[in-house]
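Me: Hello! I am new to this structure and would like to learn how to read it. Could you walk me through some features?

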Amino acid sequence: MSNTGGRRKPPTIHDVAREAGVSRGTVSRVLNGGHYVSPAAAQAVDAAIRRTGYVVNRHARSLITGRSDSVGFLLTEPQERFFEDPNFNVLLRGCTQALAAHDIPLLMMLAGTDDERRRITRYITAGHVDGVLLVSSHSGDPVAEELRAAGVPLVACGKPIGLRSKVSYVAADDRDGARDMVRHLLALGRRRIGVVTGPLDTPGGVERLAGYREVLSEAGVEADERLIVSGDYTRAGGEAGAERLLAQAPGMDAVFVASDLMAQGVLTALHRAGRRVPEDVAVGGFDDSPAAVAASPELTTIRQPWDRISSEMVRVLLAQIGGEDPAAVILPTELVKRAST
């Protein structure tokens, strides 16, 4: 019986080899990294793959190589944080695009509770992903240490507290960004500068507070502890932090807020208290996320280079999967002036 009109079989590795004029083994070596293959043969195989429309059978290849050919994006925060904080979405999109250039899928994993972290850790260490992009690591969170101890390639977003020399990370220069913001507020003539910090068990929370303290000290301005309150990177946390500052230091004339999302909450509290921004209180944020331009007035903020952070995280992770040692990358930030100051 004729197969005319039937379903066309997908091209195989044999079809690619025949089209390229090379052996099946050469095609296999090209697909698995190109080791011991001449540039001319590799080019012929790549061209044959495009002409035939061959698609790699990832499951079959993983049985041979011992790799899953996938990467995990692990967020160790409650699920609602992912949907509220625009930074996570920006970072996820950037990492997905960077991995797509290597034809590697990204598996998103949320682990906001101890049970979820245990399940996800078991899944990762069982070899279901080749490496992990770890986002939002808190001090005392065992995930990074457990993955490192299990030999799982790992890159953290931000300096993981207590593991800096052992775990790869990519971070914006949080301390220098905070210094730039506080210098800007001082240059405007503000002297009673409050701060709503990030969580102080995270690298961003610690580094941004340190930058705030350093610049005030250099300027000879005493850091009044009543002007320092902690936040949690949420809008509600920023609002609560501003209310505490207004109660503790009603004479403050500026606020440095450690995230744009919290700064939106700060603006809400200041408006409710009858304080004009920036006339009475100048407000500076951090991130230059979509929350900065959605705020009213639009926020002066510190821009984190999210595109570079995501692409560097992927680059460092793939290098580590390939056998390279852990690496650290710190990227510069930029002051962006808008109407809130």
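Reply: Happy to! Let us start with a term: two residues are in contact when heavy atoms lie within 4.5 Å. Keep in mind that this is a predicted model.

Me: Which residues is Tyr-212 in contact with, leaving aside its neighbours within four places in sequence?

Reply: Tyr-212 is in contact with Ala-178, Val-182, Ile-193, Gly-194, Val-195, Leu-227, Ile-228 and Phe-256.

Me: How should I think about nonpolar cores?

Reply: In soluble globular proteins, nonpolar side chains tend to be buried together. Here the largest nonpolar core has 42 residues, and Tyr-212, Phe-256 and Val-283 touch the most other members. Elements that each supply at least two residues of this core include α9 (174-187), β6, α10 and β9 (282-284). The most comes from α12, which gives six residues.

Me: What does the second, separate core include?

Reply: That core has 28 residues, among them Val-155, Cys-157, Leu-317 and Ile-321.

Me: Which residues of helix α2 are buried?

Reply: In α2 (residues 24-31), they are Thr-26, Val-27, Val-30 and Leu-31. Looking down the axis of α2, you find these buried residues within an arc of 135°, so they line one face of the helix.

Me: And which residues form a nonpolar patch on the surface?

Reply: Ile-161, Leu-200 and Val-206 do, with about 220 Å² of accessible area together. To place one of them, look at the loop between β6 (193-197) and α10 (203-218), where Leu-200 lies.

Me: Why does Leu-200 count as partly exposed?

Reply: Because its relative accessibility is 46%, and partly exposed covers what is in between buried, under 20%, and exposed, over 50%.

Methods. Residues are numbered from 1 along each chain as its sequence is written. This is a predicted model: local features need pLDDT of at least 70, side-chain atom pairs count only at pLDDT 80 or more; totals for chains, interfaces and linings use all residues. Side-chain values use heavy atoms; hydrogens and water are left out. Patches are made of residues with over 30% relative accessible area and no salt bridge: like charges are joined within 9 Å, nonpolar side chains (Val, Leu, Ile, Met, Phe, Trp, Tyr) within 5 Å. Accessible areas come from the Shrake-Rupley method with a 1.4 Å probe; for residues, only the protein chains shown count as cover. A salt bridge is a side-chain nitrogen of Lys or Arg within 4 Å of a carboxyl oxygen of Asp or Glu. Helices (H or I, at least four residues) and strands (E, at least two) are DSSP runs, numbered from the N terminus. Buried means under 20% relative accessible area, exposed over 50%, partly exposed in between (1.4 Å probe, protein chains only). A nonpolar core is a set of buried Ala, Val, Leu, Ile, Met, Phe, Trp, Tyr and Cys residues joined through side-chain atoms within 4.5 Å. The arc is that of the directions from the helix axis to the C-beta atoms.
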